Amino acid sequence: MTGHEVSVRLTVDGTEHALELDPRVSVLDALRDELAVMSVKKGCDHGQCGACTVIVDGRRILSCLALAASYDGADVTTAAGLGAVEELGAMQQAFVDRDALQCGYCTPGQVCSAVAMLEEARAGMPSHVSADVTDTEVELTDAEVRERMSGNLCRCGAYVNIVAAIQDVAHQDVAHQDGGAA
Amino acid sequence: MTTLDTRPTTPTPTPTPTPTPTPTEATPDARDRTRVDAPAKATGTAPYAYEQPVDEPLHLFPLVATIARGTITAVDDAQARALPGVRLVLTHANAPRIRVRTDAPLSILQSSEIHHRGQLIGAVVADSPHVAREAAGLVRISYDEQPAELGFEIDDPRATEPRRVNAFKHGTHERGDTDAGLARGTLVEAVYSLPMEFHNPIEPHAVTAIWHDASAFNPRATRLTMYDTNQGTGGLGALVAPVLGLLPSQIDVISPYVGGSFGTKGWPHPHLVLVAMAAKLLAGRPVKYAMTRQQMFRTTGHRPASAQRIRLSVEADGRLVAIDHQSWAPSSRLKSYVDQTVSPTRMMYDVAHLRTIHHAVVQDTAPGSFMRAPGEFSGMFALETALDEAAHAVGVDPIELRVRNEPVRDPETGKPWSTRNLVACLRAGAEQFGWDERQPVGTQRDGEWLVGVGVASATYPNQYFVPNRAGIRFTGGRYVVELQASDIGTGAWTILPQIAADALGVPVDLVDADIGRTGLAWAMPAGGSAGTYSWGDAIIAAAAKFRRRHGDSPAEGAHETATGRMPRGSRGYSRHAFGAHFAQARVSTVTGEVRVDRMLGVFAAGRIINPRTARSQLIGGMTMGLSAALHEEAHLDERFGHVVNGDLAGYHVAAHADIGDLEVVCLEEHDPWFGATGAKGIGELGIVGVPAAIGNAIFRASGTRLRDLPFTPDRLLDAWG
């Protein structure tokens, strides 16, 4: 205790938490070191690798670059909130089916990023490789998926299989009204 | 489909014919098994080292040297000690004494001497990671700095010729009359270079240590628990325990999930000693340390840079006459490490006249270490590029040139090949990739892009050095295969039960694995691509013993352990895996950027235990090879001894957008001289030769020959003037 704690409320995978935190604590460190939520990973702590990607209020963020004090009241979804071992989410199942992981350490971030990325594409958000940035109908080519997923590094080299898994989900004709349920 | 089954029947080795195999069908396969740990990993619930639950942990942040050579003259830790929450400041002044030395870099905090910048010289332990880090920043260290030797060059006058290099390879090998051979035919001479590279698994090194002093009167009752991330738990017992005054049996290592390694977690690094020392001084409290990405560029090894010169002569028909291949590389003064860079040149092709020499230049840097395919990766970049240069010099197709230099026996040792299907890989790949549609150099254009294809061979040797043990247990109606193996993303959790199930004659769904911790049968670390076939021998031996002793209806708790040894007579064969890489690259005439549209790897790597995980691992190797070809480059500051671009913002590894269409074909093969599984190693084979295939594609696209990795745009723009 340094005597400068800040009060932060976080909802993580549906569970509410009230925390007193050192103001230097990131969302990532709050999850891992304070709440023992280990389904979010630390790979670089500098926003360079994407392993810490979580979904906050429907958008993917790099939790290592987010100060917890700035996220008071946020609703955080990690990979553990997208499914369970016995009841995988659609994206997780696609990763398993496509062998889209090896060591598995970047995987929770890849899964969270992919789920939110599909929502971004459905919402018509363009990317660097979109031919027409004003076009609200995004055609998710492999090039689009690769570009939009490039914030998530995989050192084992599962990229080819990750793109295939994401395309499997993108082509599943399912309703996504609850966002993040994939 | 031709299955090559040459099971050993006699201890006397005889040459084995190697009929041309056919590609494995991509249709449903009984060997195909979904990765068993994938659901836990996809939900983030597989516990890696830092994530193992412990009670009331303390947190460590290291102190590191900021000079390359010299001594510490003073440590002022008053401010750090005064910070609330600080429990310990550890330096050479108060560190436990080391009485038994093992690996030199592990003997930390024993004196004021600095061997390299970034050396671990102390630590702060505090109640929270933030306080530990803040306090570490408050420790003031004064130095007496001495001049350091940093930087090396080809033909470096300081260079020495080591007698042995990594993997027990000879430093020098010569045969025939190389100088006379080089005077015949067409001479190709060039210098190739690779930068210092770092493994960069996405999971940084992390460890939690708990020192349990059971009795002040009985030090042998002490136990040390280490939740670690490693390629094998045995290294801590063998190398770390003695340094800490413990017997190997006093360390309990738990490492079920490892977030990538590529060599960096294959050998214990000094942070393990640092954290254990802190745990000893704070006995009873868990001490946690998660290395920062920046710290990973200091004390966890790297692929040393290399500068290589190749001189080769080739006849008009593409037959090689002579090769002179020499490598210069830096080696740390603290601990010698030299990649076996020129060793593949000794066995790849039928060359009568050969000179291969490793040269090492002592440096005041942290030691290098093995990184995915050490030696083969660096040396085959140079050799396979030089062969492409030779092919273009005499007007012979690069595939035909390789085929015309196919050796009947290993030209280095004279031994017959256990299996060698390089030509089959080249032929099958050429057909599938569309090699016949290649265009003449510099003629294929797509807008601003020049397009071309390239080919290179791959090889990786057998690395089966020691016998392993494995256990089979029957409990709860299920079998458990037990050994100190490690799954670093390779698929061991998935395929070791497959090997056991085959050997026991039961469905694989009845077999579990227990790996990744001490207290199990001893097995070598996951390294040298040798895990599957060498562990496999032990598993097969244990299964046979189990069935012999317990029959087909074993009692609850039945258990047997057995030793697996390399096949009798295998030393009479030259044992290597082979492959061929094909790449299509495009080069921007505007920016000099290189993109790789597609790659195909065709491999003859023995029996494939599980085509799903094998394909992923080979594609992973190709991806890392592409990354090295186009992006990876650590810059050592030769004034100060540190890596300037020591994180993932500065040290670029391939991202999603860099990777196009990659595909893998595995030829049917069974090599009994690697082991009873018939499998060879695949973890490293996939990366070998990739930069050469891409560089050769760049040449066909643009007519520009690049010989220095990585192939960044500036290299092409410089070449074009």
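Student: In what order do the elements of chain A run from the N terminus on?

Tutor: Helices (H or I, at least four residues) and strands (E, at least two) are DSSP runs numbered from the N terminus. In chain A the order is β-β-α-β-β-β-α-α-α-α, that is, five helices and five strands. This is a predicted model, in which local features need pLDDT of at least 70 and side-chain atom pairs count only at pLDDT 80 or more, while totals for chains, interfaces and linings use all residues. Residues are numbered from 1 along each chain as its sequence is written, with chains lettered from A and ligands numbered from 1 in the order in which they are written.

Student: What percentage of chain A is buried?

Tutor: A residue is buried if 20 or more other C-beta atoms, placed from the backbone, lie within 10 Å of its own, exposed if 12 or fewer, and partly exposed in between. Buried residues make up 53% of chain A.

Student: How many residues of chain B are in contact with chain A?

Tutor: Contact requires C-beta atoms, placed from the backbone, within 7 Å. By this criterion, 51 residues of chain B meet 50 residues of chain A. On the chain B side, helices H1 (38-42), H3 (129-138) and H12 (611-630) each supply at least two residues, and H12(B) gives the largest share, eight residues.

Student: How does the length of helix H7 of chain B compare with expectation?

Tutor: The expected span is 1.5 Å times one less than the number of residues. H7(B), residues 376-394, has 19 residues and should span 27 Å; its end C-alpha atoms are 26 Å apart, which agrees. This helix is mostly covered, with 15 of its 19 residues buried. Just after H7(B), B:Gly395 adopts a positive phi of about 75°.

Student: Which elements do the buried residues of H9(B) pack against?

Tutor: They pack against helix H8 (398-404) and strands S19 (449-461), S24 (576-588), S25 (594-604) and S26 (661-666) of chain B. Among these buried residues are B:Leu422, B:Cys425 and B:Phe433. B:Gly434 follows H9(B) and has a positive phi, near 85°.

Conventions: Two residues are in contact if their C-beta atoms, placed from the backbone, lie within 7 Å.
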